[in-house]
Amino acid sequence: MSHLVSIDNVDMRYGGADGTLAVSGLSLKVGKGEFAAVVGPSGCGKSTLMKLVTGLHIPQSGAVVVAGKQVTQPVSIVGMAFQNPTMLPWRTTLDNILLPLEIVERHRHRLRAHRREYVEKAEHLLETVGLKGFGSKYPWQLSGGMQQRANLCRALIHEPELLMLDEPFGALDAFTREELWCVIRDLHAAQGVTIVLVTHDLREATFLADRIFVMSARPGKVLKEHVVPFARPRELDVMYEKGFNDMVHELHGEIASARVAA
Amino acid sequence: MSAMTENAAVSTASQKPLIARVNWVKLAPWLYTIALFAAWELLVIVLQTSPTVLPAPSRVFGAVAQYWSPIWKNSLQTLYTTTLGFAIAVVAGLALGILVGWSKAIYAGLYPLMVGFNAIPKVALVPILVIWYGIGTIPAVLTAFLISFFPIVVNVATGLATIEPETEDVLRALGAKKMDILLKVGIPRSMPYFFGSLKIAITLAFVGSVVSETVAANYGLGNMMSSAQSQFNVPLVFAGLLALAVEGIAMYALMAWIERRMTGWAHRSSMSH
């Protein structure tokens with residue numbers, strides 16, 4: 001399997017030579033089309049990982065390679081979604097979703113001439129996440145869960161090869177969260193996109209991912225790597241199987257001891 | 001209590017009584033204004049104050065009718081100097097606000113200067129403006145501009161400085177340049193701050209122009225009031241104040257209307273963050 005993301009022995013320090021060391025000796029590899037989850041105690045540098053992969057931060061030492069190229073500047077083949085949906089309130093949901101196309105180099109010059117084609121694509125995405133017909137609504141007319149669905153559409157509109165999710169479901173209630181797990185599961189299955197999910201929720205990681213990386217406390221590095229054995233497509237019922245609970249339990253134990261070690 | 005229940009019963013029946021059909025909230029501004037003038041009139045009658053100290057509203061309205069032509073002309077002059085100074089402040093304030101919000105270095109450099117400049121009472125600048133431009137329209141326009149400029153700059157810069165870091169990250173990861181973020185996010189986002197500041201700025205602009213007209217002008221409400229005062233024509237002074245209040249309310253209402261029209265999204269929303 002070829003690797004889409006490969007992080008090799010990376011150090012990242014904030015704020016000059018004696019600033020905080022956020023990650024140290026961080027290495028991980030994510031294969032093309034894979035669904036990877038990153039879990040760990042809080043402050044373990046999960047957000048730093050996001051920024052390293054997307055090229056928002058360049059590490060002081062080590063190498064970050066995405067799609068065969070060393071990352072030295074923002075890479076536009078990545079889509080991002082955060083816990084805060086950050087929809088722009090003066091744009092309709094559809095216009096919010098089209099926003100990345102106004103930025104990304106290979107789309108921005110085509111957007112005006114091919115608007116209809118792009119709008120169709122956005123509407124198709126809205127339909128996939130269960131927001132059909134909501135494109136003309138403003139984001140503040142949508143509920144939190146609906147905004148997060150729209151946020152996923154925005155992250156996917158420019159057909160990124162890699163989707164980086166930073167606790168996208170953290171602020172939602174349990175039922176909405178499970179619904180969105182299924183949405184993201186289906187998106188991954190249908191679009192073949194590679195996904196890296198950073199999360200605190202171990203059940204979420206176990207339900208969605210092919211592989212789970214457990215990170216240490218700051219300075220963060222990968223302590224352990226788990227392959228999730230459950231067959232796809234997974235139904236929510238899998239969460240009530242013994243194997244699933246054992247895995248969550250094991251992850252929980254590892255993170256608890258990483259916290260103590262810190 | 002029984003009257004109230006009776007009212008309720010009647011209103012549910014067929015025809016609401018007059019008292020229930022009145023929209024009190026809509027009527028309140030008018031009622032309160034009338035009440036203010038009535039209380040004022042009453043106070044003057046009870047205390048028997050001389051018209052050279054506190055003229056009754058009836059005297060003031062009499063003066064408005066009597067001196068209608070000079071009041072009208074001077075009001076137009078003051079409105080002209082105020083709106084011109086305000087218009088310059090809007091353009092310059094928006095431009096400088098975007099500049100200050102654009103770069104941290106420019107912000108750090110200009111901010112103490114602007115605070116210091118804003119701390120200077122603008123009336124102290126009028127004599128200098130008179131040396132440069134002579135008495136009349138230009139010092140009034142410039143004073144209105146100088147006094148109303150600051151809140152616009154600060155508000156626009158605040159709007160730009162408070163962009164959510166996540167929004168910036170999402171766009172920068174896609175390869176957005178600083179200019180893209182300014183155009184797509186920064187400027188639209190600072191518009192509610194900008195339009196909000198216009199209401200403050202227009203009120204201040206009146207202060208500036210009237211101060212300047214009072215000190216150094218041959219026209220305008222400020223000049224009219226100061227010459228009326230020197231002739232002990234106190235009802236005319238109050239008539240001038242009334243004209244200023246009317247102009248102020250009208251311009252404020254205009255700004256509030258523009259604000260609602262331009263940035264409705266910021267008011268209707270229960271923005272979640």
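Two strands are said to pair if DSSP finds at least two bridges between them; helices (H or I, at least four residues) and strands (E, at least two) are DSSP runs, numbered from the N terminus. The structure is a predicted model, in which local features need pLDDT of at least 70, side-chain atom pairs count only at pLDDT 80 or more, and totals for chains, interfaces and linings use all residues. Residues are numbered from 1 along each chain as its sequence is written, while chains are lettered from A and ligands numbered from 1 in the order in which they are written.

**Chain B: domains and confidence**

Proceed to domain 1 (2-47) and domain 2 (58-268) of chain B; such bounds come from an automatic or database domain assignment. The centres of these two domains of chain B, taken over C-alpha atoms, are 37 Å apart.

The chain B average is 87, and 92% of the residues score at least 70. Confidence in chain B is lowest in helix α1 (residues 2-13), at a mean of 46, and highest in helix α5 (residues 68-102), at 94.

For the complex, the predictor gives an ipTM of 0.80 and a pTM of 0.78.

Technical notes:
pLDDT is the predictor's confidence in each residue, from 0 to 100.
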